[in-house]
Amino acid sequence: MTKVVLPELGEGIDKATVSYWYFKEGEKVNEKNDLVELTTDKATFNLPSPCSGTLSQILIPEGNTVNVGEALAIIEEESS
């Protein structure tokens, strides 16, 4: 299980808003796929998946705000 966490954004930015999830719960994702689109006061950016596996749980729905260091979703990694 891997938690997808909002990384440090720099420039005093401590939160972002989830604007769009590219995958739904239960769908397979590959490492480095764009997973979620986030918006701050200064920019819109995509957060890539940290690993390959199944998006098992979205913790922060679209339209909600997430703080730096907070988990956005959980991915169940594929066993190799």
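Q: Is Thr40 buried or exposed?

A: A residue is called buried under 20% relative accessible area, exposed over 50%, and partly exposed in between, using a 1.4 Å probe and protein chains only. Thr40 has a relative accessible area of 12%, so Thr40 is buried. This is a predicted model, in which local features need pLDDT of at least 70 and side-chain atom pairs count only at pLDDT 80 or more, while totals for chains, interfaces and linings use all residues. Residues are numbered from 1 along each chain as its sequence is written, and side-chain values use heavy atoms, with hydrogens and water left out.

Q: Where is the place of Thr40, and which residues does Thr40 touch?

A: Helices (H or I, at least four residues) and strands (E, at least two) are DSSP runs, numbered from the N terminus. Thr40 is found in the loop between S4 and S5. Contact means heavy atoms within 4.5 Å. Not counting residues up to four places away in sequence, Thr40 touches Leu9, Ile13, Lys15, Ala16 and Phe45.

Q: What does the side chain of Thr40 reach?

A: A polar contact is a pair of N or O atoms within 3.5 Å; within protein, one must be able to donate a hydrogen and the other to accept it, and residues adjacent in sequence count only if both atoms are side-chain atoms. Here the side chain of Thr40 reaches the backbone nitrogen of Lys42 at 3.1 Å.

Q: How many salt bridges does the count come to?

A: Side chains of opposite charge can pair when their charged atoms come close. The rule for a salt bridge is a side-chain nitrogen of Lys or Arg within 4 Å of a carboxyl oxygen of Asp or Glu. By this rule the count comes to one salt bridge. Its side chains are those of Glu11 and Lys42, at 3.5 Å from N to O. Glu11 lies in the loop between S1 and S2 and Lys42 in the loop between S4 and S5, so the pair ties together parts that are 31 residues apart in sequence. Both Glu11 and Lys42 are exposed.

Q: Which backbone angle of Glu11 is positive, although Glu11 is not a glycine?

A: The angle is phi, at about 50°. Lys32, also not a glycine, has a positive phi of about 75°. Lys32 belongs to the loop between S3 and S4, and its relative accessible area of 63% makes Lys32 exposed.

Q: How are the strands arranged in the open sheet?

A: Strands of a sheet pair through backbone hydrogen bonds, either parallel or antiparallel. Two strands count as paired if DSSP finds at least two bridges between them. The open sheet has four strands in the order S1-S8-S6-S3, with antiparallel pairing. Strand S1 (2-5) and strand S3 (28-29) are the edge strands, each pairing on one side only. S3 is joined to strand S6 (residues 53-58) by two bridges, and Gly53 in S6 is the bridge partner of Val29.

Q: What do S4 and S5 form?

A: They form a hairpin with four residues between them. Strand S4 (residues 34-39) and strand S5 (residues 44-48) pair in the antiparallel sense over five bridges. Within this pairing, Val36 has Leu47 of S5 as its bridge partner.

Q: Which residues touch the most other members of the largest nonpolar core?

A: In soluble globular proteins, nonpolar side chains tend to be buried together. A nonpolar core is a set of buried Ala, Val, Leu, Ile, Met, Phe, Trp, Tyr and Cys residues joined through side-chain atoms within 4.5 Å. The largest such core has 18 residues, of which Leu38 and Leu72 touch the most other members. At least two residues of this core come from each of strand S2 (15-21), S4 and strand S8 (71-77). Leaving aside its neighbours within four places in sequence, Leu38 is in contact with residues including Leu6, Val18, Phe45, Val66 and Leu72.

Q: Is Trp21 buried or exposed?

A: Trp21, which lies in strand S2, is buried, with a relative accessible area of 6%. A polar atom of its side chain lies 3.0 Å from the backbone oxygen of Ile60.

Q: How many aromatic pairs does a search of the whole structure find?

A: Rings of Phe, Tyr and Trp (its six-membered ring) pair if their centres lie within 6.5 Å; planes under 30 degrees apart count as stacked, over 60 as edge-to-face and the rest as tilted. The search finds one aromatic pair. The ring centres of Tyr20 and Tyr22 are 5.0 Å apart and their planes are at 80°, so the pair is edge-to-face. Tyr20 is partly exposed at 40% relative accessible area, and Tyr22 is partly exposed at 33%.
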